[in-house]
Amino acid sequence: MPGLLTDATQAAALHEGDDQLAAYRALSMSLQLTEALAIKVGAPDVATLAGHRAVLAAERSGAPVIQASAARHLADALTTDGQPHAAAAFAQAAAIRLADDLTPRGPAGLSTLGMLDLKAAIAQATAAALTDRRAPAAARAVPDLLDRADEHSAQLPADADGNAFFTAFSSTNVVLYRVATHVRLYEGAAGAAVAQAITADDRAAPGGSPRSTTPGGKPR
């Protein structure tokens, strides 16, 4: 990763015009990969730093899908790093800002937009477990965010592969997030009911396999 990040950073600094925009896209994606790896190895501070830098590179690229992808990775990092309120606010703001640019961009746009809502839902559910005055509002925000993600998944073409832009976003993954948020909200019975309603067809659908979760059971 260090070599990849060095090369991508140098390319963004040395190129101009369209080549520079492409270099910033590559740099952002490299930093998003760094963020994901840092979370997996238990380095949330590194993940947050990489996430911030991925967002900056994405903004310089001018590509809405890259911007949405970077925003959802930063939200994930902030949640893991103990900042769920900030994560939820950032993901929701990004979704609002980018929605009009993402919805016409097919599976990649709809999937990254849907993932912003899912990451915001997880962040709000995590924030609801904190003992502060904002916890009740955070809990109330979760269902609407999940419903909005469901709406985006319903707009995906029937032949979508379920992993547009490396998101694993699909209607089944929305259900997995519903289970995860119920668990974080200590709603065990509700979570079990949702899990039991997942059919074999759901699991077999594109993007709906168990690979839509991490080894620890956390949705992507």
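Start at Val 142, where helix α7 bends by about 25°. A proline, Pro 143, follows within four residues. Keep in mind that this is a predicted model.

Now select all of helix α7, residues 135-154. How far apart are its end C-alpha atoms? They are 30 Å apart. At 1.5 Å a residue, the 20 residues should span 28 Å, so the two values agree.

Next, colour the buried residues of α7. They are Ala 135, Ala 138, Val 142, Leu 145, Leu 146, Ala 149, His 152 and Ser 153. Val 142, the site of the bend, is on that list. What covers these residues? The cover includes α5 (84-102), α6 (106-128) and α8 (171-184).

Stay with α8 and show it beside α7. The two helices pack at an angle of about 170°, and their axes are 9 Å apart. An angle over 145 degrees counts as roughly antiparallel, so α7 is roughly antiparallel to α8.

Zoom in on the contact between them. From α7, select Val 142, Leu 146, Asp 147, Ala 149, Asp 150 and Ser 153. From α8, select Ser 171, Val 174, Tyr 177, Arg 178 and Thr 181. By class, this contact has five nonpolar, three polar and three charged residues.

For the last stop, go to Asp 202 in helix α10, residues 200-204. Is Asp 202 buried or partly exposed? Its relative accessibility is 29%, so Asp 202 counts as partly exposed. Then pick Asn 173, 29 residues away along the chain. The C-alpha atoms of Asp 202 and Asn 173 are separated by 9.4 Å.

Notes
Residues are numbered from 1 along each chain as its sequence is written. This is a predicted model: local features need pLDDT of at least 70, side-chain atom pairs count only at pLDDT 80 or more; totals for chains, interfaces and linings use all residues. Side-chain values use heavy atoms; hydrogens and water are left out. The expected span of a helix is 1.5 Å times one less than its number of residues. The bend at a residue is the angle between axes fitted to the seven residues ending there and the seven starting there. Buried means under 20% relative accessible area, exposed over 50%, partly exposed in between (1.4 Å probe, protein chains only). Contact means heavy atoms within 4.5 Å. Axes are lines fitted to C-alpha atoms, for helices over the stretch in contact, and angles run from 0 to 180 degrees between N-to-C directions. Angles under 35 degrees count as roughly parallel, over 145 as roughly antiparallel, 65 to 115 as roughly perpendicular and the rest as oblique. Ala, Val, Leu, Ile, Met, Phe, Trp, Tyr, Cys and Pro count as nonpolar, Asp, Glu, Lys and Arg as charged, and the others, Gly among them, as polar.
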